[in-house]
Amino acid sequence: MKTWFADIEINEDGSVAECSPCTQDVQQLAERLLVFQKDPKQIPPACFDPVQNAIECGFAAGETEYYSLLQQTCIAATRLKIKNSYSPDLRIIHAVEALDDIDEAANLLAERLGIWYGEHFPEAGMLTENLAKFVAENGLRQDLQQDSQFHETARSSVGMEMDAEDGAIIKAFAADLTSLYERRHVIEAYIHKNMEQLAPNLDEVAGANLGARLISMAGGLQSLSRMPSSTIQVMGANQALFKHLRGKATSPKHGIIFNHPLIKNSHPKIRGKMARALASGLSIASRVDAFSGQLNPAIKEKLDRKVRSIKEGN
């Protein structure tokens with residue numbers, strides 16, 4: 001039998017036949033303890049007295065030393081567990097949540113820029129990222145170069161006049177917003193690269209963005225792989241689902257998977273069938289990714305056949 005402090009052989013009468021104690025290196029003991037926690041066969045019988053056996057083996061001089069080492073080992077094991085908990089799917093979850101935060105902030109700032117610059121040059125007719133880039137590069141309308149396509153329009157603009165100080169502030173504001181959009185593109189590329197490595201089948205069936213969002217909502221790839229397809233089908237439709245459970249609405253046909261082109265571009269009459277077929281494919285893809293990690297083209301081919309069958313049947 002193995003314990004966190006020694007390898008022990010026990011006789012039939014419960015006495016110790018042989019004992020090989022470990023050293024009192026706390027780091028090594030912590031690594032050993034983590035290995036035992038993953039193996040339920042290593043749990044000692046109820047009659048086993050670890051303190052007495054540790055003292056008899058020569059691992060500890062007494063109870064005080066035993067409990068002191070046990071406390072240090074548990075703290076070290078917890079630190080190791082936290083340090084090793086940064087899994088690849090956690091990386092994707094953080095990236096998806098960072099995208100949501102950037103979207104929220106960028107939408108707010110873009111709205112402010114649109115109102116602010118729109119009062120000065122309403123004829124520009126641009127929004128969000130395009131407007132941010134335009135203002136960051138050109139500043140106020142009177143600063144536009146003669147070869148700009150907006151130069152003539154700017155001369156006859158009905159917008160309010162702004163001075164150089166206003167121009168410097170609004171240009172810097174637009175530059176900050178532009179850098180936020182650039183950071184968003186970088187994070188999106190990061191998600192695509194990690195999805196190809198972590199969940200190639202989910203990436204192929206759902207696309208990187210939708211697949212990453214499903215992993216994020218489920219709390220990890222392993223959690224997603226344990227979900228039935230019916231749950232995946234309505235993930236993100238919480239309000240509609242609870243309204244249905246209270247008897248005030250029909251059951252939702254889909255949740256966040258509505259963003260998949262198969263459902264979004266389908267006729268409303270067949271969206272329910274499409275959602276069930278896609279959810280089934282996503283469920284299988286996530287299980288293959290979680291337990292093998294190898295790309296299996298047959299999953300996507302099966303989904304394509306099912307989609308053709310649904311379209312031909314209607």
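This is a predicted model: local features need pLDDT of at least 70, side-chain atom pairs count only at pLDDT 80 or more; totals for chains, interfaces and linings use all residues.

Visitor: What angle and axis distance do α5 and α7 pack at?

Guide: The angle is about 135°, and the axes are 8 Å apart. Roughly antiparallel would need an angle over 145 degrees, so the α5 and α7 pair counts as oblique.

Visitor: Is the crossing left-handed or right-handed?

Guide: Left-handed, as α5 passes α7.

Visitor: And which residues of α5 and α7 meet there?

Guide: On the α5 side you have Thr128, Glu129, Ala132, Lys133, Val135, Ala136 and Glu137. Facing them in α7 are Ile170, Lys171, Ala174, Ala175, Leu177, Thr178, Tyr181 and His185.

Visitor: How do the residues of that contact divide into nonpolar, polar and charged?

Guide: For α5 with α7, eight are nonpolar, three polar and four charged.

Visitor: Staying on α7 for a moment, where does asparagine 194 sit?

Guide: Asparagine 194 is in helix α7, which runs over residues 164–198.

Visitor: Buried or exposed?

Guide: Buried: asparagine 194 has a relative accessibility of 5%, and the cut-off for buried is under 20%.

Visitor: What is asparagine 194 in contact with, leaving aside neighbours within four places in sequence?

Guide: Arg91, Ile92 and Ala199.

Visitor: OK, other helices. How do α2 and α3 pack?

Guide: Helix α2 (residues 50–57) and helix α3 (residues 63–83) have their axes 10 Å apart, at an angle of about 110°. That angle makes α2 roughly perpendicular to α3.

Visitor: Which residues make the contact?

Guide: Pro50, Val51, Ala54 and Ile55 come from α2, while α3 brings Glu63, Tyr66 and Tyr67.

Visitor: Let's switch to a strand. Where is isoleucine 8?

Guide: Isoleucine 8 is in strand β1, residues 6–10. The residue is buried, with a relative accessible area of 1%.

Visitor: What's around isoleucine 8, again leaving aside neighbours within four places in sequence?

Guide: Isoleucine 8 is in contact with Met1, Thr3, Val16, Glu18, Cys19, Phe48, Asn53 and Cys57.

Visitor: You mentioned Val51 in α2. How far apart are isoleucine 8 and valine 51, in sequence and in space?

Guide: They're 43 residues apart in sequence, and 13 Å apart in space, C-alpha to C-alpha.

Note on methods
Residues are numbered from 1 along each chain as its sequence is written. Side-chain values use heavy atoms; hydrogens and water are left out. Helices (H or I, at least four residues) and strands (E, at least two) are DSSP runs, numbered from the N terminus. Buried means under 20% relative accessible area, exposed over 50%, partly exposed in between (1.4 Å probe, protein chains only). Contact means heavy atoms within 4.5 Å. Axes are lines fitted to C-alpha atoms, for helices over the stretch in contact, and angles run from 0 to 180 degrees between N-to-C directions. Angles under 35 degrees count as roughly parallel, over 145 as roughly antiparallel, 65 to 115 as roughly perpendicular and the rest as oblique. A crossing is left-handed if the near helix is turned anticlockwise from the far one by less than a right angle, and right-handed if clockwise. Ala, Val, Leu, Ile, Met, Phe, Trp, Tyr, Cys and Pro count as nonpolar, Asp, Glu, Lys and Arg as charged, and the others, Gly among them, as polar.
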